[in-house]
Amino acid sequence: MITLKLNGREVRAQEGQTILEVAREHGVRIPTLCYLEGLSPRGSCRLCLVEVRNWGGKLVPACATQVEEGMDVVTHNERINRIRRLVLEMLFVERNHICAFCVSSGHCELQDLAVELGMDHVTLPYRYPGLAMDLSHEDYGIDHNRCVLCGRCVRACSEVEGAFTWGFQGRGIQIQVAPDLGGPWGDSETCTSCGKCVQACPTGALFEKGVGTAAQTKRPEVILEVTERRPRV
Amino acid sequence: MSKVRVATMWFSGCSGCHMSFLDLDERLLELKEALEIVYSPLVDIKEIPEGIDVALIEGSVNTTEQLELLREMRRKCKILVAFGDCATTGNIPSMRNPIPRDEVLREVYGDGNPPGMEEGEVPALLPQALPLHAYVRVDYYIPGCPPDSDRIWKFLSTLLKEGKPRLEGEEIRFG
């Protein structure tokens, strides 16, 4: 067992647990986006950043940082809230997120985060990149305007389905998720059409064809359910 | 007690926010006691009067005329409110922003000299449709497409009673 401080309170944790897991066990909510139970943590969206006081106030991603003996973790304060809001704003301006027009409106983790973090407008200037959709798959579509590059589709596809269809292509601001060696998705030889990528996607970037505005509900928890049912060696 | 002087404006939006305002239904009677609408697409007044307390502005800023009116309103009002998603985020009108302005106009109106290309009888289209705060200081935001009438009621009633509007939780959801 490990003892650490969580928002000033002493808590006990198992070795190997992450800060996020321990926080959840103790009813402390830390916002997340790229994290999804059942997938390996990535720590790429930075929304779960927490402060470790006795590491000189260093900010670490709670989903990808294992607890250590004597760690003094703060999950919410003015500095963290400010940084989370900035990270969220950057996610909103990076691409074209237009909630009113989106299949996932009302069921979107990005939209939910704006509510949770009290973001009633975005202070950064929007970038308005010109991005395409790929509607070549028979059942599903991808709209890159709504993608936050969390990589949950990429991990669901490789770690759970084992198809390795989705990956990242490009660098920096040009980066996009892409099937096989760049698509179109409908021509993919590896895609099994299982739809796990769609269920794992936190926004309306991946969607079921024929679904109207605000009508796309998803079950991201299916990823955990599938992995939990697997026999363990 | 003198009534609070309220203005509303309609830029590039669908008027859904104004419709939602009218959806206040019987609560409009209560509002009528506390405020007076001195300028609005709902009333027939051509010039923006001086001394406005609260201006609710629907829509994104899309044309040179809208930008001028926005700046005039900022000068003449105490509290300027982005009313709905278009005014707050750009929303649907901003979907043209990744496409160059001239290309948009030619796609819609064909070749030749499409209206909006230059300043004329029709005001020129700005390079992009932007939220109000891209140009002027905005005091408060009422997100929503449209913000439902309960949200508008909460905003106005807390503003009138407490001097400061109080929208929280689900009341700020976009879309």
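In this predicted model, strand β4 of chain B, which covers residues 61–63, pairs with strand β6 of chain B in the antiparallel sense, and two bridges hold the pairing. V61(B) has L130(B) in β6(B) as its bridge partner. Strand β6 of chain B spans residues 125–130, and five of its six residues are buried, so this strand is largely enclosed by the rest of the structure.

Chain A contains an open sheet of five strands, which are arranged in the order β2-β1-β5-β3-β4 with mixed pairing. At the edges of this sheet lie β2 (9–13) and β4 (58–61) of chain A, each of which pairs on one side only. On average, and with direction ignored, neighbouring strands of the sheet are turned by 40 degrees against each other. Within the sheet, strand β1 (residues 2–6) and strand β5 (residues 72–74) of chain A run parallel and are joined by two bridges, and K5(A) has D72(A) in β5(A) as its bridge partner. Helix α2 of chain A, residues 78–94, packs on the sheet, where it touches β3 (49–52), β4 and β5 of chain A, and its direction makes about 155 degrees with that of β3(A).

| Strands | Sense | Bridges |
|---|---|---|
| β4 and β6 of chain B | antiparallel | two bridges |
| β1 and β5 of chain A | parallel | two bridges |

Between the chains, 19 residues of chain A are in contact with 22 residues of chain B. The side of chain A that touches chain B consists, by class, of eleven nonpolar, seven polar and one charged residues.

Terms used:
Residues numbered from 1 in each chain as written. Chains lettered and ligands numbered in written order. Predicted model: local features only at pLDDT ≥ 70, side-chain atom pairs only at ≥ 80, totals over all residues. Buried ≥ 20, exposed ≤ 12 C-beta atoms within 10 Å, placed from the backbone. Helix = DSSP H or I, 4+ residues; strand = E, 2+ residues; numbered from the N terminus. Pairing = 2+ DSSP bridges. Contact = placed C-beta atoms within 7 Å. Nonpolar A, V, L, I, M, F, W, Y, C, P; charged D, E, K, R; others polar. Axes fitted to C-alpha atoms, helices over the stretch in contact; angles between N-to-C directions.
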